[in-house]
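Trainee: I would like to learn how to read a structure like this one, feature by feature. Could we look at it together?

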There are 2 protein chains.
Amino acid sequence: MRSTLQREIILNTIRKMHHHATAEEVYAAIHQQHPTISKATVYRNLQRFAQQGELVPLQLEGDATRYDRRLFQHYHFVCRACNAIYDVDMAPLADINQQVQEQFGFSVDQHDIVFKGICPTCAKTPD
Amino acid sequence: MRSTLQREIILNTIRKMHHHATAEEVYAAIHQQHPTISKATVYRNLQRFAQQGELVPLQLEGDATRYDRRLFQHYHFVCRACNAIYDVDMAPLADINQQVQEQFGFSVDQHDIVFKGICPTCAKTPD
DNA sequence: GTGAGTGCAAATCTTTTGCATGTTT
DNA sequence: AAACATGCAAAAGATTTGCACTCAC
């Protein structure tokens with residue numbers, strides 16, 4: 001992958017942002033400092049980084065694709081009330097890939113888990 | 001929820017289709033027999049059914065929302081090669097909601113797991 | 001009769017693409 | 001020079017919305 005100024009800026013920007021930023025959010029953040037960088041370039045490169053394993057794409061319901069910059073295995077929690085996305089840093093379930101592989105014959109290399117419920121903040125706030 | 005002819009047709013159609021149909025697929029299937037039923041009605045009602053718990057929405061990467069008519073808890077496997085979606089009917093992990101709840105303080109009522117890898121069909125076929 | 005549901009078309013949102021131009025190697 | 005990357009604007013795909021009309025209750 002060639003090194004371009006745009007790529008550097010995109011990666012730097014995403015590293016400064018919250019986890020799980022959308023392409024649109026990354027573009028907006030970049031656009032302030034670098035108004036000539038196009039949206040297409042941001043979209044193209046985020047996808048590219050995901051392919052290279054430098055970002056992990058995260059698709060949740062009714063929402064644009066998000067890019068996670070925490071590369072180690074972890075899970076997510078989505079609050080049904082406020083839609084916030086939290087990281088769930090529990091110990092990864094080490095054996096379930098293997099288990100599915102043996103039981104169903106798929107060659108499994110990964111799994112994602114999304115928990116849903118109500119986050120502490122929303123639990124406290126009577127809507 | 002009022003009972004309308006359109007709703008009946010939509011539910012009947014989705015019951016005859018493969019699991020994980022998209023709104024577009026449901027619409028196409030309906031449209032042949034009932035060309036007056038509009039796409040908006042299909043979209044609106046699929047969402048509605050999902051809210052009512054009669055269908056489960058399933059959002060996977062780079063793909064339209066799918067609606068799952070298998071209501072009991074189960075997981076999914078997505079093939080990286082052909083993008084096919086398989087059901088994974090392993091025993092649900094009964095205790096991880098509780099575990100996350102205790103460890104992180106979220107009120108968890110559900111979790112989804114998506115496995116990724118290569119399906120048996122693609123494994124056999126040298127691309 | 002009233003409010004919920006529908007059909008249609010237009011609007012919105014997110015993402016992708018064609019193409020001419022500019023940059024990296 | 002060759003291959004790849006960018007910017008722009010247009011296109012595409014999925015979904016939502018406004019509104020007048022219709023139907024279920």
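Mentor: Let us start with one residue: leaving aside its neighbours within four places in sequence, Thr22(B) is in contact (heavy atoms within 4.5 Å) with Ala64(B), Thr65(B) and Arg66(B). A few ground rules: this is a predicted model, in which local features need pLDDT of at least 70 and side-chain atom pairs count only at pLDDT 80 or more, while totals for chains, interfaces and linings use all residues. Residues are numbered from 1 along each chain as its sequence is written, chains are lettered from A and ligands numbered from 1 in the order in which they are written, and side-chain values use heavy atoms, with hydrogens and water left out.

Trainee: Is Thr22(B) buried or exposed?

Mentor: Buried means under 20% relative accessible area, exposed over 50%, and partly exposed in between, using a 1.4 Å probe and the protein chains only. Thr22(B) has 7%, so it is buried. Its place is strand 1 (residues 21–22) of chain B. Helices (H or I, at least four residues) and strands (E, at least two) are DSSP runs, numbered from the N terminus.

Trainee: How many helices and strands does chain A have?

Mentor: Chain A has 5 helices and 6 strands, in the order α-β-α-α-β-β-β-β-α-β-α along the sequence. Of the 127 residues in chain A, 41% are buried.

Trainee: What should I look for around DNA strand D?

Mentor: Begin with the residues near it, meaning those with a heavy atom within 4 Å. DNA strand D is surrounded by 20 residues, and the closest are Thr4(A), Gln6(A), Thr41(A), Arg44(A) and Gln47(B). Of the atoms of DNA strand D that come within 4 Å of the protein, 68% belong to sugar and phosphate. Helix 3 of chain A gives the largest share of this surface, 5 residues.

Trainee: Which polar contacts can I look up there?

Mentor: A polar contact here is a pair of N or O atoms within 3.5 Å. An N or O atom in the side chain of Thr41(A) is 2.6 Å from a phosphate oxygen of DNA strand D, and for Arg7(A) the distance to a phosphate oxygen is 3.1 Å. At a base instead, a polar side-chain atom of Arg2(B) lies 3.3 Å from a base nitrogen of DNA strand D.

Trainee: And how do I read backbone angles?

Mentor: Most residues other than glycine have a negative phi. His20(A), though not a glycine, has a positive phi of about 70 degrees. This residue sits in the loop between helix 1 and strand 1 (21–22) of chain A and is buried, at 4% relative accessibility. Asn83(A) also has a positive phi, near 65 degrees, in the loop between strand 4 (75–79) and strand 5 (85–88) of chain A. Asn83(A), however, is exposed, with a relative accessible area of 56%.

Definitions and conventions
A polar contact is a pair of N or O atoms within 3.5 Å; within protein, one must be able to donate a hydrogen and the other to accept it, and residues adjacent in sequence count only if both atoms are side-chain atoms.
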